[in-house]
Amino acid sequence: MARLHDIVIDCARPAATARFWAAALDGYAVAPYDDAELARLRGQGIADPEDDPTVLVEPRDGGPRLWCQLVPEPKRVKNRLHLDLVSAAPETEINRLVALGATVQARHEDHDVLADPEGNEFCLFALHP
């Protein structure tokens, strides 16, 4: 039986997109670059991790990893798959996410639709105990 391992986000700026999602999600951080990873990048002609075409965002306590992956084409249409987030204080969370670079796309009675800085949609729901 298969299990979810990674979620891949196509984007034009993987490092910036990874920083957004690491800051947006509780318990996530951009994976550190050790000497071996820096050497691997240099072997591909990449001198700066900011230019890494695939940046990993790792969970602290389990859960799926996020990969922010460089793609050549721009986003053109609505996502066919998106993330749903929950928050105990959705209005405060919307303000925080917007400060990180998200934009509010639509407001609904039970959730809000936002987009990350690359235009990838995601939803925010109120966490009900």
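The largest nonpolar core of this predicted model has 22 residues, and those with the most contacts inside it are Phe20, Trp21, Val57, Leu66, Leu97 and Phe122. A nonpolar core here is a set of buried Ala, Val, Leu, Ile, Met, Phe, Trp, Tyr and Cys residues joined through side-chain atoms within 4.5 Å, where buried means under 20% relative accessible area with a 1.4 Å probe, protein chains only. At least two residues of this core come from each of β1 (6-11), α1 (14-24), β3, β4, α3 (90-100) and β8 (121-126), with α1 giving the largest share, six residues. Helices (H or I, at least four residues) and strands (E, at least two) are DSSP runs, numbered from the N terminus.

Two of these core residues face each other across a strand pair, for Val57 stands opposite Leu66 in β4. Strands β3 and β4 (65-70) run antiparallel and are joined by four bridges, two strands being paired if DSSP finds at least two bridges between them.

Five bridges join β5 to β8 in parallel, and Leu85 has Leu124 of β8 as its bridge partner.

Residues are numbered from 1 along each chain as its sequence is written. Local features need pLDDT of at least 70 and side-chain atom pairs count only at pLDDT 80 or more, while totals for chains, interfaces and linings use all residues, and side-chain values use heavy atoms, leaving out hydrogens and water.

Methods
Buried means under 20% relative accessible area, exposed over 50%, partly exposed in between (1.4 Å probe, protein chains only).
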